[in-house]
Amino acid sequence: MKTKTVSLRTKIFMLVFSLLFFIIAGMSAVFYAIQMGETAEQVHQLSLQTAQTISFMPETTAYLVEQRADKMLLPVLEHIQERTEAQSISIAGRNGIILSTYGRAEPLRESDRRSLLYGGTYTVEETGTDGQAIIGKAPIMKTTDTYTEVIGTVSVEFSKKSIAKKTAAQTGDILLAAAFALLAGVAGGLWLTKSILADTLGFEPSKIAAMYKKTIDEIRLYSDELRAQTHEFMNKLYVLSGLLQLGRNAAALDFIQKEADSVSLQNQIVFKQIQDDLIQAVLLGKTAKASEKKVLFIIERESTLSALPDHVDGHSLLTVISNLIDNAFEAVKQTRTPHVTFLITDASPTLIIEVTDNGMGIDDQTLGLLFEKGYSTKGEGRGFGLHNVKEAVESFHGIIEVIPNEPAGTIFTIYIPKED
């Protein structure tokens with residue numbers, strides 16, 4: 001299965017977005033926790049101060065001592081509740097709550113006993129009228145000439161739900177600023193990506209790596225072909241030197257003339273009829289390689305190429321031609337008179353490339369697997385050349401035809417439309 005390549009733009013976007021998101025989310029969570037703690041501490045102080053203030057009010061003491069009606073005290077408590085945003089305010093005597101802004105009398109709690117018994121002032125966190133709450137407790141004292149007596153307690157309750165809502169509202173402004181920072185970071189990441197792609201001429205790193213690999217492969221190919229060409233020329237020089245040393249001057253001149261005629265014909269086809277430098281270079285190298293392998297390699301006289309179509313990459317086409325010719329050389333190496341011909345022509349609306357050999361041919365079973373990646377009859381580590389040929393031709397929107405060559409061998413023909 002072909003792995004989908006993630007573009008550089010997407011990678012940088014995801015990286016910048018992820019970093020900013022987790023940083024901002026983490027800072028927001030820390031801010032929320034700190035703010036929640038500070039708000040809770042403030043509520044502890046406010047509930048305690050409010051409870052103490054109410055316990056010191058003369059109206060509160062008079063309410064418990066003189067059993068006055070709550071018409072005067074309850075509005076005061078409700079006003080304090082509204083100003084402090086408390087959940088409820090309750091006044092309890094020793095027999096239980098007898099006045100509450102919550103509207104329902106309740107029995108004394110365990111947390112009230114410390115205030116009633118010892119006159120303590122403190123806060124507790126326990127279940128209140130609306131879930132978990134922070135409750136401030138303060139004793140109500142009755143003072144006479146001879147003694148001071150605790151006659152009740154004041155409870156001021158603040159719901160933790162309301163504290164969380166208030167904290168969330170304060171955090172909302174931070175989150176809004178964080179969202180703008182996130183957008184600015186993403187925009188910066190996209191600008192950075194655009195700048196990097198501009199420096200790389202719009203090529204993705206994977207494309208650059210592929211181009212680099214292809215260039216290295218082509219340099220290696222040229223090096224091999226030039227080495228073969230040099231080796232073949234050295235062999236011919238040795239022959240010529242031997243003829244001259246033997247005094248066979250006429251034979252030496254005849255040898256030079258035949259080589260000159262052969263090279264002249266090939267050069268005329270390659271340099272005058274084929275106008276692409278890469279293809280010229282590979283054909284010259286293959287000619288030398290064929291001579292070294294004692295293969296008769298003929299470039300057809302009809303070969304012509306004015307210019308490659310715009311949608312055909314010259315480097316990829318070079319891979320196609322090189323692999324087909326090498327494959328043909330392999331096919332004829334066991335043949336008594338090895339013979340390979342090459343034709344390229346753009347005389348019609350279709351660019352045609354044809355490589356013919358007189359080898360052993362290809363059976364039907366092998367033909368079905370010929371272009372599969374890794375399949376080869378030449379041993380392990382082979383089977384990639386024709387697969388690369390297939391991929392390149394498909395990228396040109398072309399087709400490959402493989403037919404037997406009579407009386408022996410195979411003909412590979414590639415048809416590439418000039419118009420994409």
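Buried means that a residue has under 20% relative accessible area, exposed means over 50%, and partly exposed is in between (1.4 Å probe, protein chains only). This is a predicted model, where local features need pLDDT of at least 70, side-chain atom pairs count only at pLDDT 80 or more, and totals for chains, interfaces and linings use all residues. Residues are numbered from 1 along each chain as its sequence is written, and side-chain values use heavy atoms, with hydrogens and water left out.

**View 1. The whole chain, before zooming in.**
The protein chain has 11 helices and 10 strands. Helices (H or I, at least four residues) and strands (E, at least two) are DSSP runs, numbered from the N terminus. Of the chain's 420 residues, 38% count as buried. Take the contacts (heavy atoms within 4.5 Å) between residues at least 6 apart in sequence: 63% of them join residues at least 24 apart. The accessible surface comes to about 24,900 Å², and carbon and sulfur atoms hold 58% of that; such areas come from the Shrake-Rupley method with a 1.4 Å probe, and for residues only the protein chains shown count as cover.

**View 2. V43 and its surroundings.**
Look for V43 in helix α1, which covers residues 8–56. V43 counts as buried because its relative accessibility is 9%. Skip the neighbours within four places in sequence, and V43 is in contact with I134, F158 and I163. T84 is 41 residues away from V43 in sequence, yet the two C-alpha atoms are 9.7 Å apart in space.

**View 3. Where α9 meets α11.**
Helix α9 (residues 314–331) packs against helix α11 (residues 385–395) at an angle of about 145°, and their axes are 9 Å apart. Here, axes are lines fitted to C-alpha atoms, for helices over the stretch in contact, and angles run from 0 to 180 degrees between N-to-C directions. On the α9 side, the contact is made by S316, T319, V320, N323, L324 and N327; on the α11 side, by G385, L386, N388, V389, A392 and V393. Sorted by class, that makes 6 nonpolar, 6 polar and no charged residues. For this sorting, Ala, Val, Leu, Ile, Met, Phe, Trp, Tyr, Cys and Pro are nonpolar, Asp, Glu, Lys and Arg are charged, and the others, Gly among them, are polar.

**View 4. The largest nonpolar core.**
A nonpolar core is a set of buried Ala, Val, Leu, Ile, Met, Phe, Trp, Tyr and Cys residues joined through side-chain atoms within 4.5 Å. The largest one has 39 residues, and those touching the most other members are I279, L283, F297, L317, I321, F342 and I344. Among the elements giving two or more residues to this core are α7 (249–273), α8 (277–292) and β7 (339–345). Which helix gives the largest share of this core? That would be α9, with 8 residues.

Most residues other than glycine have a negative phi, and most peptide bonds are trans. K294, in the loop between α8 and β6, has a positive phi near 60°. K294 counts as exposed, at 61% relative accessibility. H397 sits in the loop between α11 and β9 and also isn't a glycine, but its phi is positive at about 65°. With a relative accessible area of 52%, H397 is exposed. Finally, the peptide bond from E406 to P407 is cis, with omega near 5°, and P407 lies in the loop between β9 (399–404) and β10.
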